[in-house]
Amino acid sequence: MPAQSVKFYQVGSRAVGNRLLDAELRTEQSSADRRNSITSGHRACQGCGEALGARYVLDTAARVTGGRLVTVNATGCLEVFSTPYPESAWQVPWLHSLFANAASVASGVAAALEAQGRTDIRVLAQGGDGGTVDIGFACLSGMFERGDDVLFVCYDNEAYMNTGVQRSGATPAYARTATTEAVGPIPGSRPGQGKDLPRIAMAHEIPYVATATVAELRDLEAKVEKAMSMRGPRYLHVLVPCPLGWGSAPAETVRLARLAQRSGLFPVFEAEHGEVTSVLPIRDRIPVEEYLRPQRRYAHLFNDPPRTDLIERIQQIADRNVARYHLNPHEAPRETPLEISHEEGA
Amino acid sequence: MRRQLEGSRAIAETVARCRPGVIPAYPITPQTHIVEALGTMVRKGTLTSCRFLTVESEFAAMSAAIGASLTGSRVYTATSSQGLLYMTEAVFNAAGLGAPIVMTVANRAIGAPINIWNDQSDSMALRDSGWIQLHAPDNQAAADLHVLAFRLAEELSVPVMVCVDGFVLTHAFEPIDVPEQEIVDAVLPPYRPRQVLDPDAPVTIGAMVGPDAFTEVKYLADHALRSAPAVFERIAAEFADAVGAPQRRACCVQDYSTTGADTVVVALGSVTGTLRDVVDSVEGVGVLTVTMYRPFPAEQVRAALAGARRIVVLERALASGAGGIVTSDVRSALAGLDVPVHTVIAGLGGRPIGAASLRELLTRPGLGDVTFLDLREDVIDRELGREAVHETDRETAYETDREPVAERDGQPAIEFDREAAGEFDRELDSQPALEPAGEFDREPAGEPAGA
Ligand SMILES: Cc1ncc(C[n+]2csc(CCOP(=O)(O)OP(=O)(O)O)c2C)c(N)n1
Ligand code: SF4
Ligand SMILES: [Mg+2]
């Protein structure tokens with residue numbers, strides 16, 4: 001699998017910090033005249049990964065489109081913390097209709113722009129994992145299938161956060177939420193991998209699918225830029241840790257996102273027309289335990305005695321991802337992905 | 001020029017002359033002929049500058065309609081029955097956002113039991129969604145109302161539903177004059193949106209509004225809606241002038257033989273024709289057709305009914321457990337007047353409303369509070385008789401000294417394990433809050449500091 005080209009990261013990078021880069025290689029955020037598509041002063045929790053991700057996504061999209069951008073937002077934390085009337089954090093045209101319909105509303109926006117001959121204006125829709133993989137899934141799949149000219153961005157914090165941390169279809173195995181408490185023989189969310197929307201999006205053979213995290217912000221910007229250079233339906237899935245729902249320290253958001261990627265639990269890749277075209281390689285893989293431990297939502301796995309059986313199952317999911325996407329250049333590519341038993345109590 | 005046309009076809013041609021920019025479409029009988037015709041016009045290039053969007057559900061149809069409308073396009077869609085209910089959340093949302101969408105509702109019953117034929121349960125269920133509702137009494141009006149609907153919607157920035165009885169109108173062939181393009185253009189100028197998504201003047205639409213302002217937002221929306229009757233009649237007069245046909249001038253309510261009438265029948269939609277025929281031969285009965293049902297033109301209804309000694313409201317829907325839906329609107333319009341208002345439930349699920357039955361009904365000496373027209377009493381009696389047998393069973397089912405059901409079947413009874421349940425509760429209570437875990441391993445030293 002071709003590895004992604006090296007990008008220089010802003011913060012926490014093993015490569016080089018912004019200050020040493022040529023101006024044009026620096027992130028949008030380091031520029032004094034960045035777009036500020038979503039201004040500060042909104043009401044996200046401290047350390048909110050979603051707010052961070054949205055800022056990078058929107059500012060990049062606004063820059064590469066020269067500000068010719070219209071956005072549609074699903075109900076969820078991002079919508080709620082950015083627009084408590086009469087305040088609004090948005091400097092771009094922004095429309096919120098419902099929880100489930102952001103993709104369809106965006107299809108309508110794109111159709112109107114096309115009918116008016118204003119296709120220079122681009123459309124970006126965004127929502128949380130619940131608004132994307134669960135309740136908004138039918139609308140999103142329809143938007144993909146019709147070939148509508150929309151970039152849909154999912155900010156995946158792995159649960160319904162805005163309603164108080166309930167399980168969504170994207171909640172990972174054994175994670176504790178308010179509807180999957182850490183009690184009983186199989187504590188936390190059901191064994192499984194969560195609904196894997198990037199792969200489902202790829203099955204639609206749309207022009208572009210990519211995953212990213214808020215740890216690799218330069219990578220995130222590059223993917224938005226690439227997505228906006230294309231037409232048709234495009235999908236970007238961004239892992240955004242949520243201190244409130246994950247039970248993590250606000251200052252740990254970026255590090256947790258990186259650990260998710262480095263453990264193999266969150267594969268970072270790009271795909272075009274249904275085929276993976278590049279991956280972010282993991283050269284220094286960490287055991288999943290290192291990623292799970294700092295999160296209170298997994299605390300029940302580390303009691304006395306620890307649930308090594310369940311940790312092992314999570315490790316298998318990471319191993320399978322590494323095999324499936326050939327994430328580790330030093331591990332021989334595997335023909336058949338690892339099978340993981342998801343039977344209750346297995 | 002009048003041509004022999006199917007109602008759906010006439011509606012489609014009229015809508016096309018209104019020059020919509022976006023039409024999201026989803027099939028459901030009996031609405032489908034309308035969007036099929038429009039889709040073909042777009043394909044053939046006879047309807048230009050229009051995107052016909054084949055979406056995956058009615059919920060998506062109304063959602064796309066919202067997006068397109070707020071991007072500054074004139075938007076049309078059509079639905080029926082289950083489809084209208086399936087898009088309900090977005091229907092309310094369109095009104096809340098002030099998106100002047102026009103939608104035809106080809107009225108059809110709601111299941112279960114599934115039934116594709118006409119009644120008005122669908123649009124009645126959404127009568128308080130913040131949309132203007134116009135009900136077409138015949139196919140000429142159905143066509144004309146669509147021109148008025150776009151103008152009304154755009155003038156007030158409120159969405160409009162044009163309700164057309166399914167099959168009875170949508171599938172009937174009649175001589176219909178589709179308003180000429182020049183007339184439509186004269187009545188309906190290009191759409192100028194009140195607020196629009198535009199990078200040159202960015203706005204936030206659909207913000208979260210709290211208790212401090214929500215009431216005011218709703219008050220203002222209601223205020224706009226209440227101005228609809230006057231605006232509608234002004235536009236209708238303008239349209240009738242342009243067409244040069246005073247008889248095609250629509251009104252919020254239309255009376256027929258009500259002067260000096262003892263009884264006035266209030267009705268919506270296509271039953272108007274039959275009713276007018278009937279009252280021609282029944283002494284002292286008039287008809288009041290309600291064309292604008294939402295907002296409810298209470299003053300006009302009151303004025304039209306003031307002289308009557310008996311009101312009969314013919315309803316093509318039923319508020320289960322309560323009675324007539326339009327009846328309650330009529331009753332509150334008549335508040336303080338001492339006049340009995342009777343409900344007649346008729347034509348549910350496509351049952352024809354025949355002239356003979358109506359004539360018998362209107363000449364019946366005493367009319368109850370709620371009457372079901374042409375109810376098959378034999379079926380009801382038989383079923384209620386069978387129910388009575390089970391009633392004793394139902395009464396004894398909750399007696400405490402009965403044996404547990406499972407045991408009666410020779411199986412051990414299922415017992416509630418209080419001990420285990422308590423255990424579970426205790427375990428749940430002992431969970432710590434979801435605050436950050438204790439051990440935050442720092443990044444290895446030497447990591448570049450945050451910018
Ligand atoms: C139809 C509907 N069902 C439920 C809700 C309640 N609701 C609002 S936001 C939300 C959770 C959003 O979760 P997600 O999409 O993952 O976004 P997050 O808040 O986690 O960023 C829910 C369940 C709603 N607004 N509408
Ligand atoms: S609950 Fe989570 S996603 Fe929502 S604002 Fe707080 S940190 Fe962000
Ligand atoms: Mg979420």
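Colleague: What should I know about the ground rules?

Modeller: Because the model is predicted, local features need pLDDT of at least 70 and side-chain atom pairs count only at pLDDT 80 or more, while totals for chains, interfaces and linings use all residues. Residues are numbered from 1 along each chain as its sequence is written, chains are lettered from A and ligands numbered from 1 in the order in which they are written, and side-chain values use heavy atoms, leaving out hydrogens and water.

Colleague: Is B:His342 buried or exposed?

Modeller: Buried: its relative accessible area is 12%. The label means under 20%, against over 50% for exposed and partly exposed in between (1.4 Å probe, protein chains only). B:His342 sits in strand E15 (residues 341-345) of chain B, strands being DSSP runs of E with at least two residues and helices runs of H or I with at least four, numbered from the N terminus. Beyond four places in sequence, B:His342 is in contact (heavy atoms within 4.5 Å) with residues including B:Arg310, B:Val312 and B:Asp369.

Colleague: Which residues are called donors of the magnesium ion, ligand 3?

Modeller: A:Asp129 (OD), A:Asn157 (OD1) and A:Ala159 (O), at 2.0 to 2.1 Å. Donors are N, O and S atoms within 2.8 Å of the metal (3.2 Å for Na, K and Ca), so these atoms qualify; water is not among the atoms, so the site may look incomplete. Along the chain the spacing reads D-x27-N-x1-A. A:Asp129 is in helix H4 (residues 129-134) of chain A and A:Ala159 in the loop between strand E4 (151-156) and helix H6 (197-203), so the pair ties together parts 30 residues apart in sequence. Both A:Asp129 and A:Ala159 are buried.

Colleague: Why call the ligand 1 site shared?

Modeller: Because residues from chains A and B surround ligand 1. There are 17 in that shell, A:Glu50, A:Cys77 and A:Met161 being among the closest; to be near, a residue needs a heavy atom within 4 Å. H4(A) gives the most, with three residues.

Colleague: Which side chains have a polar atom 3.0 Å from an oxygen atom of ligand 1?

Modeller: A:Asp129 and A:Asn157. A:Asn162 reaches a ligand 1 oxygen at 3.0 Å too, through a backbone N or O atom.

Colleague: What makes something a nonpolar core?

Modeller: Buried Ala, Val, Leu, Ile, Met, Phe, Trp, Tyr and Cys residues joined through side-chain atoms within 4.5 Å. The largest such core has 71 residues, with A:Tyr235 and B:Met62 touching the most other members. Helix H3 (residues 102-115) of chain A supplies its largest share, ten residues. Another core, apart from it, has 51 residues, among them B:Val15 and B:Met292.

Methods: A polar contact is a pair of N or O atoms within 3.5 Å; within protein, one must be able to donate a hydrogen and the other to accept it, and residues adjacent in sequence count only if both atoms are side-chain atoms.
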